[in-house]
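Subject: Structure handover

Hello,

Here is the structure we discussed, with my notes below it. Please look through it alongside the text.

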Amino acid sequence: MEARAIARGVGLSTRKTRLVVDLVRGKSVERALEILEYTSKAAAKVVQKTILSAMHNLGEKSDHPIEPGNMRVKRIYVDEGRTMYRIRPRAQGRAFRIRKRSSHITVIVNDGSND
């Protein structure tokens, strides 16, 4: 049995978020949350909340309670979200473009019974 959670429009760049996601891919949920707690990247907090949401979604789906140590992060990936464009004024009337990137984080958690 598996459940998923998606965080859409997170105000972090895809490239930076993937660095954090790569740390927890394939780990147990309990171990993944421990790793993210001590990771000093901004994306760690958002990924941690998304994993917790997927964990609770699996708990709601299941008939019997499942320990977080038995749950595994089956798939976790980051897709590119919407990019907002802003303008920064520069010398001699020019304007430089600022890209504020966002990303979508998807976490799929399973109960470890069938990999």
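At what angle do helix H2 and helix H3 pack, and how far apart are their axes? The model is a predicted one, and in it H2 (residues 29–37) and H3 (residues 43–61) pack at about 160°, their axes being 9 Å apart. Because angles over 145 degrees count as roughly antiparallel, H2 is roughly antiparallel to H3. The crossing of H2 past H3 is left-handed.

On the H2 side, the contact is made by Val29, Ala32, Leu33, Leu36 and Glu37. On the H3 side, Ala44, Val47, Gln48, Ile51, Leu52 and Met55 take part. Sorted by class, the contact of H2 with H3 has 9 nonpolar residues, 1 polar and 1 charged.

Next, H1 against H2. Helix H1 covers residues 14–24 and packs with H2 at an angle of about 140°, the two axes being 9 Å apart. H1 and H2 are therefore oblique to each other, and their crossing is right-handed. The residues in contact are Val20, Leu23 and Val24 from H1, with Ala32, Ile35 and Leu36 from H2. The contact of H1 with H2 has 6 nonpolar residues, and no polar or charged ones.

The remaining pair on my list is H1 and H3. Their axes come within 9 Å and cross at roughly 50°, so H1 and H3 are oblique to each other. H1 passes H3 in a right-handed crossing. H1 contributes Thr17, Val20, Val21 and Val24 to the contact, while H3 contributes Ala43, Ala44, Val47 and Ile51. By class, the contact of H1 with H3 has 7 nonpolar residues, 1 polar and no charged ones.

Finally, the aromatic rings. How many aromatic pairs are there? The count comes to 0.

Regards

Conventions
Residues are numbered from 1 along each chain as its sequence is written. This is a predicted model: local features need pLDDT of at least 70, side-chain atom pairs count only at pLDDT 80 or more; totals for chains, interfaces and linings use all residues. Side-chain values use heavy atoms; hydrogens and water are left out. Rings of Phe, Tyr and Trp (its six-membered ring) pair if their centres lie within 6.5 Å; planes under 30 degrees apart count as stacked, over 60 as edge-to-face and the rest as tilted. Axes are lines fitted to C-alpha atoms, for helices over the stretch in contact, and angles run from 0 to 180 degrees between N-to-C directions. Helices (H or I, at least four residues) and strands (E, at least two) are DSSP runs, numbered from the N terminus. Angles under 35 degrees count as roughly parallel, over 145 as roughly antiparallel, 65 to 115 as roughly perpendicular and the rest as oblique. A crossing is left-handed if the near helix is turned anticlockwise from the far one by less than a right angle, and right-handed if clockwise. Contact means heavy atoms within 4.5 Å. Ala, Val, Leu, Ile, Met, Phe, Trp, Tyr, Cys and Pro count as nonpolar, Asp, Glu, Lys and Arg as charged, and the others, Gly among them, as polar.
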